[in-house]
Amino acid sequence: MKRRDFITHASAAGLSLGLLSACGGSSNGATSDGAVADNADQSLGNSLDVIRDQMPGYSGPNPFVHGVASGDPLAYQVILWTRITAEGLDEIPVIVQVSETPDFGMLVYEGIGYARSSADYTVKIDANLPQPGTTYYYRFESLGYVSSTGRTRTTPAPSEQTDHLRLAVVSCSNYPYGYFNAYRRIAYRPDLDAVIHLGDYIYEYAQGEYADKNLTGMRPVDPPHEIVSLDDYRRRYACYRTDGDLQECHRQHPFICVWDDHEITDNSWKDGAKNHNPENGEGDYVDRKRAAVKAYFEWMPIRRVDPDDEIRIYRHFEFGQLLSLMMLDTRLIGRSEQVSLPSKARDPSRQLLGHEQEKWLFNQLQNSSSRGAQWHVIGQQVMLSPLTLGTLPDTPNWHIGGGAQLNYDQWDGYEVSRRNLLGRLEAMALNNAVVLTGDIHSSWAMDVAMDPGNVFAYNRFTGEGSLAVEFVTPAVTSPAAPTKGLSDLAAAALIPLNRHLKWVDLYHRGYMVLDVTPERCKADWFHLETVSEPSNQEHFARSYMTKDGGNHVERANAPSAPKLNAPALAPAATQIMEAL
């Protein structure tokens, strides 16, 4: 709605629009060096009024076409995102307000950002918020309009004892392959602490390529050609973010994201990609990667870890004493080119993470253990556990199972990197490590063992010898097996040949909910009835968990109960008007 209409209704309803904290400050006016600035709140409040009065002249439609979003939550900070779509304008002031209540009667933060052409008119504000482990509501204001209301949540403080966390886990949302029903279902869950997106948030292909041909008219992509340039990537994100289900999921929950390959191009690695063809006019891969990364950081509610490193995305989050989350980049920063032979996969010079990221991960695991975190969760893209069509006799120093491995784009193609990680877990005697994986468009539950093919090193019945567990989330829309029958046949063949594999579904799209308590970490899979049309229908598929200190997968019979007294979802615009 127009801001002037909103203010009129809000004033009539007695809502407080006062300023409580400033951009980069706190509710008592404290500056970054700890000093207290006299009248800091009133001063910024006056400046915001001046900015409102001096907004550029604009008589166009609502500029908040792409919704609102939040992400990278910390105990006292969260990224708030929006985009301004207003032809002919640049350097557009955008005001954000954050409240403890959805009626904005208890403001805790108000700040300013600018929509600039240099960032594709996206706005990200790293808001300082007063309380950890708290749900907040936010909205943006610009050019006489007020955005829809967003809802976000800070993490529990690192020293805080936390009894229950719930995280949705998703990946592989290919717009032309179906409707984003999974996002809609996740949006309806008020008890989630965050949504973890493990990559393939967009796809790079041209119109009609890697798409459901029956949905060509209903789910067209922009631009219609394969995306290569910065403008291309920006337009593709803009296309995806017009989807109402994706907007609603972002509006209701903070996201924690990493990229996989399709945010750049298929089977990307550090210096190239399977789907990059310079001879076909696609230019230099370095330029394409730089463009893709820039657009990603513009359009995603993500905080830069290192301002001097434009490509670093690996980072960590603490959810009280209950959980440490380490988000990895297995694509761009350190990955060697993919190979197709076991002998080459075992080359000790090959890297998946790169030396610096690997060192960082090992340090984070040690820090997580030292500070007493209960669960150590690694969010990453490609399957860590080996996947074979049968095991061969062990070879010296390489007894990870041998066999005809199926996918060398996964950790199977980087055996030294895998052994380094598993060796570190084993040397640390680290309990309660959980790996979250996307990429493969299907649902899996697995033990993670150094040597799952060796009956003396790993017991498939008791889980003895397992060092961690791996839960794989299905795709939002991207397909795997074309029929359920084929999926069932594949599962019947794969499980006996892969002793660490407990369950696989290669057909259904959907998402996963990770439910975490001090006693266990549990994955509940929810599968969609269809992605070929808009639908709210889903069904509970399976649950597996790992108990505190168990380090192996166990079957659970039912999904976890939702949290009690979950904070209210952000109201829709129609609800706000009805309340006023």
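An open sheet of 7 strands runs in the order S14-S15-S16-S17-S19-S18-S20, with mixed pairing. The model is predicted: local features need pLDDT of at least 70, side-chain atom pairs count only at pLDDT 80 or more, and totals for chains, interfaces and linings use all residues. Residues are numbered from 1 along each chain as its sequence is written, and side-chain values use heavy atoms, leaving out hydrogens and water.

**Exercise 1.** Find the edge strands of the sheet.

*Solution.* Strands are DSSP runs (E, at least two residues), and helices are H or I runs of at least four, numbered from the N terminus. Two strands pair if DSSP finds at least two bridges between them. S14 (315–319) and S20 (501–505) each pair on one side only, so they are the edges.

**Exercise 2.** Describe how strand S16 meets strand S17.

*Solution.* Take S16 (residues 375–379) and S17 (residues 433–437). They run parallel, joined by 4 bridges. Then look across: Ile 378 stands opposite Val 435 in S17.

**Exercise 3.** Is Leu 497 buried, partly exposed or exposed?

*Solution.* Next, apply the cut-offs: buried is under 20% relative accessible area, exposed over 50%, partly exposed in between (1.4 Å probe, protein chains only). Leu 497 has 34% relative accessibility, so it counts as partly exposed.
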